[in-house]
Amino acid sequence: MTLSEVSPHQKSNIITLTTDFGLKDSFVGEMKGAILSVNPHVTIVDITHEIAAHAIDEGAFIIGSSTPHFPEGTIHVAVVDPGVGSERRPIIIETERYCFVGPDNGLFSSILSASPSAKVIHITEEKYMLDKESATFQGRDMFAPVAGWLSKGVPPEAFGPVITDYRIIPIPRPVIGKDTLTGEVIYIDRFGNAITNIERDMLKLLGETVEVFFKGRRINLFRFYAQATEGELGCLINSSHHLELFIKEGNAAERFNIKKGEQVVIRKRSP
């Protein structure tokens with residue numbers, strides 16, 4: 001590594017981590033160690049390590065909803081990688097505001113769908129890796145050190161060639177009818193709240209007043225949790241601007257057996 005390869009204006013002091021590793025094992029700590037071995041001055045932020053094991057779609061949602069809240073220039077590392085060690089490629093994604101590092105398996109679908117001008121680089125330069133033969137822990141041996149070097153100002157194009165055949169997995173979108181909007185549950189958080197793919201602005205398509213239905217029952221739309229009565233299944237627009245089903249101080253997913261993929265229907269209220 002030479003000084004001429006470093007672009008100071010591209011340096012970043014924040015790296016985030018999003019994984020399905022959990023916290024029982026040492027995986028997260030080892031990734032942090034690999035980053036700090038390259039750049040001991042960087043700030044590492046854990047977004048979450050509790051993505052359901054191998055749930056690429058869940059990881060894509062979390063990355064899409066959480067990463068925009070970080071300062072411009074942040075480097076986001078994400079590892080939900082059931083295909084680790086296979087032919088799937090390690091990549092860097094460079095958008096107008098951030099860099100993302102992780103596997104080319106659809107994990108960055110939300111980012112790529114929202115950033116059509118993003119540049120995607122296939123990581124091939126071995127000098128930026130701890131172990132080019134790594135078959136089971138590329139989070140530590142590849143993605144972490146690559147993020148470290150990016151944070152020191154190495155430009156993304158130094159890590160390998162640009163590719164255009166990256167993978168995007170289908171992201172469920174609500175079906176919009178004349179007087180209805182049909183979405184589905186895409187994520188259940190630790191409180192048992194069921195988050196749907198229906199976004200705040202979509203409700204406006206049906207007018208000022210709407211009705212929400214789940215499993216054939218009408219549920220009330222609130223502004224905040226405390227407005228609901230105890231044990232009542234309600235819904236609101238949450239902090240990520242998605243329609244969310246909840247129980248006041250309870251677990252809606254357990255109480256009403258809510259599963260990912262179940263439909264939520266919004267109807268225009270009749271006069």
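Mentor: Helices here are DSSP runs of H or I with at least four residues, strands are E runs of at least two, and both are numbered from the N terminus. The model is predicted: local features need pLDDT of at least 70, side-chain atom pairs need 80 or more, and totals for chains, interfaces and linings use all residues. Residues are numbered from 1 along each chain as its sequence is written, and side-chain values use heavy atoms, without hydrogens and water.

Trainee: At what angle do α1 and α4 pack?

Mentor: Two packed helices are described by the angle between their axes and the distance between the axes. Helix α1 (residues 27-38) packs on helix α4 (residues 138-151) at about 35°, with the axes 8 Å apart. Axes are lines fitted to C-alpha atoms over the stretch in contact, and angles run from 0 to 180 degrees between N-to-C directions.

Trainee: Which residues make the contact?

Mentor: Contact means heavy atoms within 4.5 Å. From α1 come Glu 30, Met 31, Ala 34, Ile 35 and Val 38. α4 gives Gly 139, Arg 140, Ala 144, Pro 145, Gly 148 and Trp 149.

Trainee: How much space lies in the largest pocket?

Mentor: Rolling a probe the size of a water molecule over the atoms shows where empty space is left. The largest pocket holds about 1,000 Å³. A pocket is an open set of points on a 1 Å grid over the protein atoms alone, where a 1.4 Å probe fits, with protein on both sides within 12 Å along at least five of seven lines; lining residues have an atom within 4 Å of a point. Points join across faces, edges and corners, and volume is the space filled by probe spheres set on them.

Trainee: Which residues lie nearest its centre?

Mentor: Of 39 lining residues, they are Phe 61, Gly 64, Ser 65, Ser 110 and Glu 199. Elements giving two or more residues include α2 (56-66) and β9 (180-188).

Trainee: What lines the second largest pocket?

Mentor: Its space is about 460 Å³. Of its 20 lining residues, Phe 61, Ile 62, Tyr 187, Asp 189 and Ile 195 are closest to the centre. α2 supplies the largest share, 5 residues.
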